[in-house]
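User: Please take a close look at one part of this model. I want the pairing and the ring contacts, residue by residue, with the cut-offs stated.

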Amino acid sequence: QLHLVESGGGLVQPGGSLRLSCTASEDSLRRYTIGWFHEAPGKGREGVSCIGNSGISARYSDSVKGRFTISRDSVNNTVYLQMNSLKTEDTGIYYCAAGELVYVSVEDMCIRSAGRYWGQGTQVTVSS
């Protein structure tokens, strides 16, 4: 069982930045494909960025490409989502999810939400 914990959400003005963190204590996240998902108010959950074993295999949705960056920190067993140039439509709850690398590709994670483990989410509000 993997217990994912997200942090770093908050209130930010349009154009601002936030960095979200996803961490776990039970196992190394390097064994997992990790995805970040956005659930806007009243809408479904969308995969915005996912990462495989290395940054080369990162994937981004069209809505965040060029603004968000996903990365791994093996020392701290954390996956980050750096969010720049935030827009009001980025508002919502952000979840991280994990699926074993050997079974779940970046495409599986981002397109088919193939996470076996999910965090509780962190709220991001972009408003002036």
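Analyst: **Strand pairing and ring contacts**

Thr-69 stands opposite Gln-82 in E8. The model is predicted, so local features need pLDDT of at least 70 and side-chain atom pairs 80 or more, while totals for chains, interfaces and linings use all residues. Numbering starts from 1 along each chain as its sequence is written, and side-chain values use heavy atoms, without hydrogens or water.

Start with the strands (E, DSSP runs of at least two residues, numbered from the N terminus). E8 covers residues 78-83 and runs antiparallel to E7, with six bridges joining them. Two strands count as paired from at least two DSSP bridges. E7 and E8 belong to an open sheet of four strands, ordered E1-E3-E8-E7, with antiparallel pairing. The edges are E1 (5-7) and E7 (68-73), and each of these pairs on one side only. In general, strands of a sheet pair through backbone hydrogen bonds, parallel or antiparallel.

Now the rings. There are two aromatic pairs in the structure. In one of them, the ring centres of Tyr-32 and Tyr-117 lie 6.3 Å apart, and the planes meet at 80°, so this pair is edge-to-face. (Phe, Tyr and Trp rings, the six-membered one for Trp, pair with centres within 6.5 Å; planes under 30 degrees apart are stacked, over 60 edge-to-face, the rest tilted.) Tyr-32 sits in strand E4 (residues 32-39) and Tyr-117 in strand E10 (residues 117-118), so the contact ties together parts 85 residues apart in sequence. Tyr-32 is buried, at 4% relative accessibility. Tyr-117 is buried too, at 8%. (Buried is under 20% relative accessible area, exposed over 50%, partly exposed in between; 1.4 Å probe, protein chains only.)

Phe-37 and Trp-118 also pair: their ring centres are 4.7 Å apart and their planes stand at 50°, so this pair is tilted. Again, distant parts of the chain are linked: Phe-37 is in strand E4, Trp-118 is in strand E10, and 81 residues separate them. Phe-37 is buried, with a relative accessible area of 0%. Trp-118 is partly exposed, at 27%.

Arg-45 lies over the face of Trp-118, 5.0 Å from the ring centre. Elsewhere, the charged end of Arg-19 sits over the ring of Tyr-80, 4.0 Å from its centre. (A charge sits over a ring if Lys NZ or Arg CZ is within 6 Å of the ring centre and within 35 degrees of the ring normal.)
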